[in-house]
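I opened this notebook to record what I looked up, entry by entry. The sequence and structure come first.

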Amino acid sequence: MALTAATGGISACTSAIISGRVTGNHRPLLWKHRDTSRQDNKVERIAATDSTFEYVALYNAGDTLCREAWIGYNSQGFAVMNTAVYNLKADTVALIDQEGFVMTEALKRCRTVDDFEQLLNDLPKPLGVEANFGTIDALGNGAYFETGNYGYTKYDLADAPDGVLVRTNYAHSGRKGEGKGYTRETNAWHQLAPHIDSCNVSAQLLTETLSRRFYSSKRNCDISLSGDKLVADQEFIPRYTSTATVVIEGVTAGENPLLTTMWVGLGYPPCSEIHAVWLDGNGVPASLRGTGNNHHSPQCDTVVARKREVFGKDGNGNRYADLSKLYNNAGTGYCQKLAKRNSEAYEQGYRRISEKRKHYHGNSTL
C-alpha cells in the first residue's frame, strides 16, 4: 500500500463493538457514530478484482476515487471502522491522517480480524495513523486495535466481560487523562447497560437511541424531552459535527457473509433516515450514492438541510441545538417524525435478510 496525502478532515467519533452473545439475534455489531468536519458523506460499492475482495463503504463526497473508507465491510464478512485518537502519538512524524487508506487496504484484502492484525504488522512504518480501529469478521471475532505509527495494542472482544467494547477519541492504552470523548464514552455505556443485561442490544438501539438522544451522564438523564429548548453543543453523542450513524451487523458462524448488513443514516443522525445496504444485487440505494451535484448523496443533502434548522449560535458565537426541532410536545420534531419510518425500514430490512437467508442456505462462501 502506498501512503498518500490525506483528505479526511478533523474527526472525533463514538463507537462500539457488540458480541453476538448480547444481541437479540446473536449477530455481532460494529457501530460508528461519525463526527468530522466533512459533513457530506456517501456510500459506494467497490467491485472485486483478481486480487481484491468486493466491498461497500462510507466515503466523503469529495473522495471521487473512493480511496479512503471510513467504515465498511467486504464479501468475506470482514468489517472495519475507526475513531480518531489524541493521546497515543509520541513522535514527530509528519505523515498523518492515513486511517482511511489503511481501512481501504483492509477491505480489499482481509478475511478475518487476524488478517487485519497481520496487515498492521506488514504495512510500512510509520503508518501515519493515530486511531482506534474496530473490526469484526464472519467467524464472530471482534477487536479494537489502538494504533500509532509504529505499533498497536489489541483489545479482543472475547475478553470483554460484558461482551461489549466502546471507544471514542482516546486510547485506553495511551497517556492517561489525555484525549477526548470521556463523557461520550460514559454516555454510551449508560444507555447500553440495561440492554447488555437483557441481551437485546440491536442495530436499531444504536442508530435510533444512542445516535439520536441527548443523554447526559453528568445529569444522569436524557434531556431530549426534558423541556429544555436551547442546549449547548457539548459532549452529547449527537453534535453539530455528527455526520453519519452506521452499524454493520455481521453473521452467525457458518452463515454466508453476504448476509452481512450495513444500516446507514447519512447526514446529521437525529435528522437521518435509515437505509439497509448489502453487497449483492442493487444493495446500495441510489439516494446514498454520490449521484448528486459535486458527487453528493441526495439523501445526505436532504438531512444536512434539516440539520441547518436545528443549530444556531448565541451572542458569544457558541453553538447550540434547538431541541424543539427534534423533540416537542406536538410530536412534530424530526426525531419523532422519523421514528416510525425508520422502524419500518428495519422491519423491511430484516424481512429481506430472511429472504436472503433462504437463498443462501447451504451456500456459504467461507
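I began with Asn 294, which is exposed at a relative accessible area of 63%. Exposed means over 50% relative accessible area, buried under 20% and partly exposed in between, with a 1.4 Å probe and protein chains only. Asn 294 sits in the loop between β16 and α5 (298–310). Its phi is positive, about 55 degrees, although Asn 294 is not a glycine.

I noted the model's terms. This is a predicted model, where local features need pLDDT of at least 70, side-chain atom pairs count only at pLDDT 80 or more, and totals for chains, interfaces and linings use all residues. Residues are numbered from 1 along each chain as its sequence is written, and side-chain values use heavy atoms, leaving out hydrogens and water. Helices (H or I, at least four residues) and strands (E, at least two) are DSSP runs numbered from the N terminus.

I then checked His 295, in the loop between β16 and α5. His 295 also has a positive phi, about 65 degrees. It is partly exposed, at 41%. Most residues other than glycine have a negative phi, and most peptide bonds are trans.

I looked up a cis peptide bond next. It joins Lys 125 and Pro 126, with omega about 0 degrees. Pro 126 lies in the loop between α2 (113–122) and β7 (131–136).

How many disulfides are there? I found 0 in the whole structure, counting pairs of cysteine sulfur atoms within 2.5 Å. Cys 13 has its nearest cysteine sulfur, that of Cys 300, 14 Å away. Cys 13 is buried at 0% relative accessibility.
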